[in-house]
Amino acid sequence: MSPRAAALRWRVPVLLGTAFFMTILDGTSLLTALPAIEREFRAHGTTVQWAVTAYALAFAGLLLLCGRAADLLGRRRVFLAGMSLRVLASLGCGFAPTVEALVAARALQGVSAAIIAPAALSMVMNAFAEGSERNRALGIWGGIGGFGATAGLLLGGLITDTLGWQWVFWINVPVGVAVLILAPVMLIESRNEVRVRSFDLAGALTVTSALVLFVYAITGVPDGGWSSHQVLGPLAGAMALTGLFVMIERRSKAPLVPFGVLRSRSPVGGGLLLLVTGTAVDGMLIILTTHAQSVLGWSPVRFGITAGVMTVAAVVGALVCQRVVTRIGVRPVATCGTALLGGACLLLTRVVSEHSSPELLTFALLVFGAGMGTATVCAQIAAFTGVAERHSGLAAGLADTCFAVGTALGVAIAGSVVAAHAPTPGIAAPQTLVPGHQAAFGVVGLVAALGLVIALAMLGKRSAPVTKETAAPPVDQIVTDRIPA
């Protein structure tokens, strides 16, 4: 391959990673902007919180369907449709005249993210052959994700304080327009060429409804508890719909999720590791954000600056991980990553208090960031190992769904632990919150330990061998289609 062709090929993950960065950034930026939105609309915190919940429901519920649609309709086509919707929804969020309009626009943002994420990730996967090059591309992808997840905590505070909360959403617009202009030139179309394209409507409706009900139930845990009707009812409905979905898929001639994709241990292990990593990351972040502002009295900007060390560590961990995985395999590196996540959470139980040492807190965030970048990239590499190109959109949808459900579980688990250690009514001293925060960090650390077990039990020492069935298309062919004569 010529140097020019190689250079063009590496622009693909950069462009798609920019779009991915957008979908991650405004999610975390919004967390720091919520108080300003409450004041703007004079709305109750529970009402404004639906701006987060509506996004999560739409995003998690539609990932599988959108991933499969990308395989069948064309990954670039679906990606461009999602980016167009993203730009419009972001404009709608910033111009929302009421909190209800903001919630509706956020739901549309969730839909757009569900369209963008699997299409973009599958195109990255298909642009590089399985092995060192794909590992490197996924390392870049994971670094972008880690940067966006934590950078939003800093940028959200800065943007809200200087420009207003509306710009948390409007900043997406020029970036989105630039991606829409460049994508048709830099990306080629690819899809699963089958004679009959079927979206398995019955399967799509049941699995989407099951995921929406599950995430809705989980988001109610911090307020109502695990035994409340608002949690148990939707959970029962989600389980029933999941059982119905399995029955439908077994009888369908063109199932939404071919069960053959799930027979390989590596993709399943990668998905489970993404689930655990998402749980640990959001569980830790939600408690740390609350602790910094409620106990330590930090401003959003100061917390964002401190969290920046976690961002740097996550990017470094992702980039180093892809190199080491190529040499020694996924299992030992994933084991190291999950151990770092768990160790950091256990360290936070010791250093988090009303008189926290900033140095020790910073060190814990460095360790957590390194573990986050490492575990996420390892899980993604495993999730795509041995997956045929025609199922890449579905595989990306499954991976993204696992992580999205994990983030919802993380918030629910951490929130319920804090609620169980809530101080006696009438006692509002910040130090009374510390035991609940310490307990929550301990539980999140145990969740990370579960990821350690998954890595040891389900991930192979090295990637599965590439065969004609599983190999990505030749990279020379992918690139030269877009190189001028």
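**View 1. Largest nonpolar core of the predicted model.** Leu-16, Phe-59, Phe-79, Leu-187 and Val-330 touch the most other members of this core, which holds 81 residues. The most is given by helix 4, with 12 residues. Another core, of 31 residues, lies apart from it; Leu-288, Val-351, Leu-361 and Phe-441 are among its members.

**View 2. Surroundings of Phe-79.** With neighbours within four places in sequence left aside, Phe-79 is in contact with Leu-16, Ala-19, Ile-116, Ala-119, Ala-120, Met-123, Val-179, Ala-183 and Leu-187.

**View 3. Helix 4, residues 99-127.**

**View 4. Helix 7, residues 172-186.** The 15 residues of helix 7 should span 21 Å at 1.5 Å a residue, and the end C-alpha atoms are 20 Å apart, which agrees.

**View 5. Ala-210 in helix 8.** Helix 8 covers residues 201-219 and contains Ala-210. The relative accessible area of Ala-210 is 5%, under the 20% cut-off, so Ala-210 counts as buried. Not counting residues up to four places away in sequence, Ala-210 touches Ala-238, Leu-241 and Thr-242. Gly-61 is 149 residues from Ala-210 in sequence, yet the C-alpha to C-alpha distance is 7.7 Å.

Note on methods: Residues numbered from 1 in each chain as written. Predicted model: local features only at pLDDT ≥ 70, side-chain atom pairs only at ≥ 80, totals over all residues. Heavy atoms only, no water. Helix = DSSP H or I, 4+ residues; strand = E, 2+ residues; numbered from the N terminus. Expected span 1.5 Å × (residues − 1). Core = buried A, V, L, I, M, F, W, Y, C linked by side-chain atoms within 4.5 Å. Buried < 20%, exposed > 50% of the residue type's maximum accessible area, 1.4 Å probe, protein only. Contact = heavy atoms within 4.5 Å.
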